[in-house]
Amino acid sequence: MLTELTVGGLIFHIMSLEPKIPDVMAAPNVIFKFKEHNILIGENSVRQPIIGYGYDFNIVNHGTATIDFKLGGYFQEVKPFRDRGIKLPFEEFMPIMGLELDMPITKNFALTTVITPLMTFSGVTFRF
């Protein structure tokens, strides 16, 4: 059963050394959460489709504010990166590891930010 839906997002590339990828961008992404399981569908840093999976390990649960450790990854087409002269260490697979912070606005609505070593992703979350 769907427990959360996160839509966004604002992306900030923390470790971006590549001038062909903007430091800050907006990209349409949707995360469907089924308890701890996440399905990601959206766009990557070069505006190409991605699909992925993540798992959340809850660290802090303070009312409706939560902090989760997120582990997973997504698949993407490697050609658009190669066309820009960018080498990807894992080719089509991009691992995800970081913290997800949910800051509640109401019981069923929150601002969400995922922080990884390479980037942050922010969006809005609807809880069911």
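**Strands and barrel**

I count two strands as paired if DSSP finds at least two bridges between them. Strands are DSSP runs of E with at least two residues, numbered from the N terminus. I started with strand 6 and strand 7 (residues 109–115), which pair in the antiparallel sense over 7 bridges. The model is predicted, so I hold to its limits: local features need pLDDT of at least 70, side-chain atom pairs count only at pLDDT 80 or more, and totals for chains, interfaces and linings use all residues. Residues are numbered from 1 along each chain as its sequence is written, and side-chain values use heavy atoms, with hydrogens and water left out.

Next I looked up the whole sheet. The structure has 8 strands that close into a barrel in the order 1-2-3-4-5-6-7-8, with antiparallel pairing. On average, neighbouring strands of this sheet are turned by 30° against each other, direction ignored. The axes here are lines fitted to C-alpha atoms, and angles run from 0 to 180 degrees between N-to-C directions.

**Strand 2 and its neighbours**

I took strand 2 (24–34) next. Strand 1 and strand 2 run antiparallel and are joined by 8 bridges. Thr6 stands opposite Ile31 of strand 2. Strand 2 and strand 3 form a hairpin with 2 residues between them. Lys35 in that turn has a positive phi of about 60°.

I also sorted the faces of strand 2. Met25, Ala27, Asn29, Ile31 and Lys33 make up the covered face. Val24, Ala26, Pro28, Val30, Phe32 and Phe34 make up the uncovered one.

Strand 5 and strand 6 (residues 93–106) pair in the antiparallel sense over 10 bridges. Phe75 has Phe93 of strand 6 as its bridge partner. A hairpin of 2 residues joins strand 6 to strand 7. Within that pairing, the bridge partner of Glu100 is Val114 in strand 7. I followed Val114 onward: its bridge partner in strand 8 is Phe121. Strand 7 and strand 8 run antiparallel, joined by 7 bridges. Their hairpin has 3 residues between the strands.

I then looked up Asp56, which lies in strand 4. Asp56 has a relative accessible area of 4%, so I log it as buried. (Buried means under 20% relative accessible area, exposed over 50%, partly exposed in between, with a 1.4 Å probe and protein chains only.) Asp56 and Glu100 are 44 residues apart in sequence, yet 8.4 Å apart in space, C-alpha to C-alpha.

**Aromatic rings**

How many aromatic pairs does the structure hold? I find 4. Rings of Phe, Tyr and Trp (its six-membered ring) pair if their centres lie within 6.5 Å; planes under 30 degrees apart count as stacked, over 60 as edge-to-face and the rest as tilted. Phe57 and Phe69 form a tilted pair, 6.3 Å centre to centre with 40° between the planes. This pair links distant parts of the chain: Phe57 sits in strand 4 (residues 49–62) and Phe69 in strand 5 (residues 65–76), 12 residues apart. Phe57 counts as partly exposed because its relative accessibility is 40%. Phe69 counts as partly exposed at 28%. Tyr55, Phe57 and Phe69 form one aromatic cluster.

**Pockets**

I set the terms before the numbers. A pocket is an open set of points on a 1 Å grid over the protein atoms alone, where a 1.4 Å probe fits, with protein on both sides within 12 Å along at least five of seven lines; lining residues have an atom within 4 Å of a point.

The largest pocket has a volume of about 930 Å³. It has 39 lining residues, and the closest to its centre are Ser45, Tyr74, Met94, Leu118 and Met119. By class, that lining has 24 nonpolar, 11 polar and 4 charged residues.

The second largest pocket holds about 360 Å³ of space. Its lining has 17 residues, with Glu4, Asn58, Thr66, Asp68 and Arg127 nearest the centre. Strand 4 and strand 5 are the elements that give two or more residues to this lining. That lining divides into 1 nonpolar, 7 polar and 9 charged residues. (Ala, Val, Leu, Ile, Met, Phe, Trp, Tyr, Cys and Pro count as nonpolar, Asp, Glu, Lys and Arg as charged, and the others, Gly among them, as polar.)

Notes: Helices (H or I, at least four residues) and strands (E, at least two) are DSSP runs, numbered from the N terminus. Grid points are joined across faces, edges and corners, and a volume is the space filled by probe spheres set on the points.
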